[in-house]
Every structure is written in C-alpha cells, then in structure tokens.
Amino acid sequence: MILVTVAAGFLAVRYSSQLIAVLGLLGGYLTPVMIESDAPSVITLFSYLLLLGFGVFYIAWKREWRLLHYLSFTCTWLLIAKVVDALLQEDPATWVAEIFLDKFRRKLPDVLNRFSSASEREMLP
C-alpha cells in the first residue's frame, strides 16, 4: 500500500495531475486505518505520518497545489486525534498529546504563509 502511494506521488508529478496526487494522498492516509492492529505502535504511526507529510509537502510545493496542504493537514489531524482519543481511553494522563495536537493546529497557517505567494496570503485568515 505504501508503494502504491509513492507511485501515485511520482505519477502525479510526472503527469502534472492533481487528481492523482489527491487520490494518492487519501490512499496514503487511509493505509494506517486499513491495516490497524491490536497492538498499534504510536512511534511507527507518527514516523509514517512524518514521511508522508514531507512527501506531500514537497509535491504540493513543487507543483503549487495548495489543496494538498489542506488535505494533508486535515488527514494528519484526524489520525492524530484518533490516536489521542484511544490513548485517553486507556490512560487519562496523556493530555500532553492534546497540547501537541493543538500547537500543530495553530502553527499551520504560519507555515503556509511562509511558502505562499503574496496574492495567496491575502486569502489566508
């Protein structure tokens, strides 16, 4: 499944197809949900999300496809929220993860502003 996501990213860049990039992105973020196990590893999941995020960021930056930034952020946030919810049900002392999630949510507009053009900055809140 990971190889399919990598192939979709390669094909999206090669053929300048944002549709292929979006489908690859959704497949990449659905992979952890589809191969969920009884003993999930948070470190493995976060490492996978980091690599996937870097790949999506590179493609979105190279082709100037801002939709990928927003979809990647939303999917990452949803997966992390799912993990935090599962951890909070097991151990309520994992509120630290919620702080990280909130900081991630608040920092994204600043990061996007740094890599956007002047005309795009006017559209951001």
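Let me start with helix H4, which runs over residues 66-90, where a helix is a DSSP run of H or I with at least four residues, a strand is a run of E with at least two, and both are numbered from the N terminus. At 1.5 Å a residue, the 25 residues of H4 should span 36 Å, and because the end C-alpha atoms of H4 are 37 Å apart, the two values agree; the expected span here is 1.5 Å times one less than the number of residues. Please keep in mind that this is a predicted model, in which local features need pLDDT of at least 70, side-chain atom pairs count only at pLDDT 80 or more, and totals for chains, interfaces and linings use all residues. Residues are numbered from 1 along each chain as its sequence is written, and side-chain values use heavy atoms, with hydrogens and water left out.

The buried residues of H4 include Leu68, Phe73, Cys75, Thr76, Leu79 and Val83, with buried meaning under 20% relative accessible area, exposed over 50%, and partly exposed in between, for a 1.4 Å probe and protein chains only. Thr76, placed in helix H4, counts as buried at 9% relative accessibility. Leaving aside residues up to four places away in sequence, Thr76 touches Tyr29 and Phe104, a contact being defined as heavy atoms within 4.5 Å.

That brings us to helix H2. For the 17 residues of H2, 1.5 Å a residue should give a span of 24 Å, and the end C-alpha atoms are 24 Å apart, which agrees. The buried residues of H2 are Ala21, Val22, Gly24, Leu25, Gly28, Tyr29, Thr31 and Pro32, and the buried residues of H2 pack against helix H1 (2-14), H3 and H4.

Which residues does Tyr29 touch, not counting those up to four places away in sequence? They are Leu49, Leu52, Gly53, Ser72, Cys75, Thr76 and Leu79. Tyr29 sits in helix H2 and is buried, with a relative accessible area of 3%. The C-alpha atoms of Tyr29 and Ser72 are separated by 8.3 Å, although these residues are 43 residues apart along the chain.

Gln18, also a residue of helix H2, is partly exposed at 29% relative accessibility.

Leu30 belongs to helix H2 (residues 18-34), and with a relative accessible area of 44% Leu30 is partly exposed. Together with Met1, Leu26, Val33, Met34 and Ile35, Leu30 makes a nonpolar surface patch of about 560 Å². Patches are made of residues with over 30% relative accessible area and no salt bridge, joining like charges within 9 Å and nonpolar side chains (Val, Leu, Ile, Met, Phe, Trp, Tyr) within 5 Å; a salt bridge is a side-chain nitrogen of Lys or Arg within 4 Å of a carboxyl oxygen of Asp or Glu.

Now to the aromatic rings. A search of the whole structure finds one aromatic pair. Tyr58 and Trp61 form this pair, which is tilted, at 6.3 Å centre to centre with 50° between the planes; rings of Phe, Tyr and Trp (its six-membered ring) pair if their centres lie within 6.5 Å, and planes under 30 degrees apart count as stacked, over 60 as edge-to-face and the rest as tilted. Because Tyr58 and Trp61 are three residues apart in helix H3 (residues 42-63), they are separated by about one helical turn. Tyr58 is partly exposed at a relative accessible area of 43%, and Trp61 is partly exposed at 48%.

Ser16, in the loop between H1 and H2, has a phi near 50°, a positive value in a residue other than glycine, and is partly exposed at 43% relative accessibility. Glu64, in the loop between H3 and H4, has a positive phi of about 60° although it is not a glycine, and counts as exposed at 66%.

Finally, the chain as a whole. Its secondary structure comes to six helices and zero strands, and buried residues make up 31% of its 125 residues. Of the contacts with a separation of 6 or more, 61% are accounted for by residues 24 or more positions apart. The accessible surface comes to about 8600 Å², of which 68% belongs to carbon and sulfur atoms, with areas taken from the Shrake-Rupley method with a 1.4 Å probe and, for residues, only the protein chains shown counting as cover.
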